[in-house]
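Me: I would like to learn how to read the features of a structural model, going from the whole chain down to single residues. Could we work through one together?

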Amino acid sequence: MKLPWGAGVLSRAVRRAQGALRRQILVFVAAMASEHDDDVLDHVVPSVHDELEERRAPVSVMDEPGHSESPSEPRIIQHAHVSCLLYQDLDSSTSPVVSNLSQNTKHLGPSSPSPERPGPQMGSNTEPESELPDPFQLDDPDDPVSDEEDRHTPVPFGTSSEVTIAPPVTEVPLHTLPQEPEATPFTPAPAAVAKPQPDLPESDDEEDDIPALYLPGLVVPGLFLPIPNTDPLSTLMTKYVPDPNRRISRDISGEWKTKDFHNLVMSNHWRALAQMARDRIVNAPANDLEHILGLWYLRLNCLARLRLFNQTSAECSNLFAVLNNVESPQARAHLFDEVLPFELEIMHARLKYWAGDHLGYLDALSPLLRKCKVRARAATESATAAMWTERGTRVSLTIASQLVEMRDFGAAARFLEPLCQRGEGSPALRSAIARIYLQGGHLGAASQHLAAVEADPSADDITKDMNRAVESAAYGHWDMAIQALERVLRVDPDDALAANNLAVALLSSGKLEGGIRVMESALRANPIAVTATEPWIFNLSTLYELRSTTTWEKKRDLLIDVAKWSGDGLKTSCLKLPAV
């Protein structure tokens with residue numbers, strides 16, 4: 001037989017029980033032993049065996065009055081009923097079953113029976129108790145009682161008429177525990193994978209961040225000064241060309257509306273271009289700032305080429321006065337950093353040079369060079385970085401040219417040397433540095449740069465021959481210089497610089513007539529480019545002076561050619577013809 005409870009638990013209950021409860025448990029054990037052939041006694045501790053034997057006989061022979069024993073019924077109905085209800089009571093937190101147990105034990109006593117109070121019956125409509133795990137089925141029937149359980153302090157019971165079994169600790173009603181939802185197996189989330197995000201459309205916020213610039217002061221006609229209607233070449237023509245039929249009629253009206261812009265640029269008509277820029281500025285809408293500033297640069301550049309430096313300085317100062325009067329610091333910073341053409345900043349710095357302050361000119365160029373370096377390093381696009389690098393190179397060459405003009409050749413060379421050390425040494429840059437060293441007398445340093453250009457496969461043959469000619473001239477090897485320059489002219493007959501250098505080399509070799517022929521041939525081949533180059537005109541005038549027999553006639557012819565092709569703004573002192 002397999003008992004539904006553990007023997008260890010039963011033995012423990014017998015040892016802890018006292019008084020009436022102990023007797024009730026013994027009666028119950030005896031009743032179960034009578035039904036199951038004393039198998040229960042084999043699992044009960046020896047200390048209670050005798051007591052159970054003493055109580056078995058009275059319980060087994062007791063009959064209720066008027067009740068006939070039937071083989072089909074249990075011998076002791078109360079005990080069968082109690083055993084069934086006791087099993088239910090172990091899973092509940094209330095005591096109605098224990099009350100029936102108390103009634104039945106009183107009925108089994110030697111005194112007359114008392115009225116029986118009905119207890120809850122099996123199958124009644126009472127609310128079912130919540131089912132909890134049966135503590136009796138947690139122990140193995142063969143396990144002995146542990147020492148820890150034996151040492152547990154018994155809980156005293158009350159003395160009321162109804163016997164209650166108190167729990168070992170403070171009685172707490174056991175409520176039906178809510179069933180927890182079935183645990184869902186944890187599935188780790190997949191690792192985040194960077195997916196290419198679609199390009200978001202440009203929002204209007206970025207456009208709103210750009211300040212709206214409206215500068216009507218830039219188109220005010222009062223900012224401009226009238227261009228003087230004087231022409232130094234016309235004055236020389238009146239003095240040195242008495243024949244009116246040979247005089248060249250020069251246009252100094254500044255009319256541009258009936259002429260083509262490209263032809264005006266190619267023929268060096270700077271007066272007409274300056275007037276055109278002025279007319280378009282005053283008629284332009286004030287909100288088209290980039291277009292207006294571009295026209296301002298054209299205007300100032302044309303005035304400078306007309307050699308009207310005072311007027312250029314005045315109008316440039318007027319322009320920057322308007323730009324600096326922008327009230328908003330954010331708008332002013334955006335104007336100077338993003339909108340203002342870089343060439344206008346160079347023009348503004350050059351005002352110092354036209355004022356005769358050469359050191360101030362260098363001081364004004366230094367911040368521009370620093371700006372180019374910072375913007376080139378901060379650029380995120382290669383095109384932008386290349387643009388600012390090219391601008392920085394041009395500013396560096398401008399500074400070096402000013403140092404050369406100040407006869408500080410060493411400073412000019414040291415200023416350009418770092419460009420070659422950073423890997424930016426193009427053949428043109430190295431050639432320029434070599435010429436600076438040659439002017440300063442540093443032939444060894446110049447030869448190193450010239451040798452680097454000679455070994456550079458990107459350098460063309462014309463550049464190499466020009467460098468050979470310059471180096472040979474520095475060492476006094478005029479024949480080698482003449483041969484190199486003649487090779488250049490055979491490749492490019494219109495090269496005015498090569499013709500000028502060849503004439504100087506021929507003159508240094510004692511071949512004056514040969515030098516004059518070379519320069520006159522260049523004048524006939526490319527008159528526009530030659531007559532716009534003041535050093536070239538000065539050298540040809542010098543060669544004419546050296547041949548004293550026909551000096552005035554040749555200079556007069558040169559004046560006519562220059563007046564015809566040179567355009568506006570030529571410095572007439574290069575003709576070596578006194579104006580008075």
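This is a predicted model: local features need pLDDT of at least 70, side-chain atom pairs count only at pLDDT 80 or more; totals for chains, interfaces and linings use all residues.

Me: At what angle do helix 14 and helix 15 pack?

Reply: For a helix pair, one reads the angle together with the distance between the axes. Helix 14 (residues 342–354) and helix 15 (residues 358–378) pack at about 160 degrees, and their axes are 7 Å apart. Because an angle over 145 degrees counts as roughly antiparallel, helix 14 is roughly antiparallel to helix 15. Helix 14 contributes Phe342, Glu345, Ile346, Ala349, Arg350, Lys352 and Tyr353 to the contact, while helix 15 contributes residues including Tyr361, Ala364, Leu365 and Leu368. By class, the residues of this contact divide into 9 nonpolar, 2 polar and 4 charged.

Me: Which residues in the largest nonpolar core touch the most other members?

Reply: In soluble globular proteins, nonpolar side chains tend to be buried together. Here the largest nonpolar core has 61 residues, and those touching the most other members are Leu218, Leu289, Leu293, Trp296, Leu319, Leu323 and Leu335. Leu218 shows how such a residue is connected: leaving aside residues up to four places away in sequence, Leu218 touches Leu223, Ile281, Leu289, Ile292, Leu293, Trp296, Leu319, Val322 and Leu323. A second, separate core comprises 41 residues, among them Ala481, Leu512, Ile560 and Val562.

Me: Is Glu315 buried or exposed?

Reply: Relative accessibility is the value to read for this. Glu315, which lies in helix 12 (residues 309–324), counts as buried because its relative accessibility is 0%. Beyond residues up to four places away in sequence, Glu315 touches Leu223, Phe224, Leu225, Trp296, Arg299, Leu300 and Leu303.

Ala274, in helix 10 (residues 270–282), also counts as buried, at 0% relative accessibility. Ala274 and Asn301 are 27 residues apart in sequence, yet 8.2 Å apart in space from C-alpha to C-alpha.

Me: How far does helix 16 reach from its first C-alpha to its last, and what follows this helix?

Reply: The span of a helix can be set against the value expected from its number of residues. Helix 16 (residues 382–405) has 24 residues and reaches 35 Å, which is close to the 34 Å expected at 1.5 Å a residue. Its buried residues include Trp388, Arg391, Val395, Ile399 and Leu403. Helix 16 is followed by Arg407, whose phi is positive.

Me: Which values of phi do Arg407 and Lys576 have, and where do they lie?

Reply: Most residues other than glycine have a negative phi. Arg407, although not a glycine, has a positive phi of about 65 degrees; its place is in the loop between helix 16 and helix 17 (409–424), and with a relative accessible area of 61% Arg407 is exposed. Lys576, likewise not a glycine, has a positive phi of about 60 degrees. Lys576 lies in the segment after helix 26 (551–565) and counts as partly exposed, at 23% relative accessibility.

Methods: Residues are numbered from 1 along each chain as its sequence is written. Side-chain values use heavy atoms; hydrogens and water are left out. Axes are lines fitted to C-alpha atoms, for helices over the stretch in contact, and angles run from 0 to 180 degrees between N-to-C directions. Helices (H or I, at least four residues) and strands (E, at least two) are DSSP runs, numbered from the N terminus. Angles under 35 degrees count as roughly parallel, over 145 as roughly antiparallel, 65 to 115 as roughly perpendicular and the rest as oblique. Contact means heavy atoms within 4.5 Å. Ala, Val, Leu, Ile, Met, Phe, Trp, Tyr, Cys and Pro count as nonpolar, Asp, Glu, Lys and Arg as charged, and the others, Gly among them, as polar. Buried means under 20% relative accessible area, exposed over 50%, partly exposed in between (1.4 Å probe, protein chains only). A nonpolar core is a set of buried Ala, Val, Leu, Ile, Met, Phe, Trp, Tyr and Cys residues joined through side-chain atoms within 4.5 Å. The expected span of a helix is 1.5 Å times one less than its number of residues.
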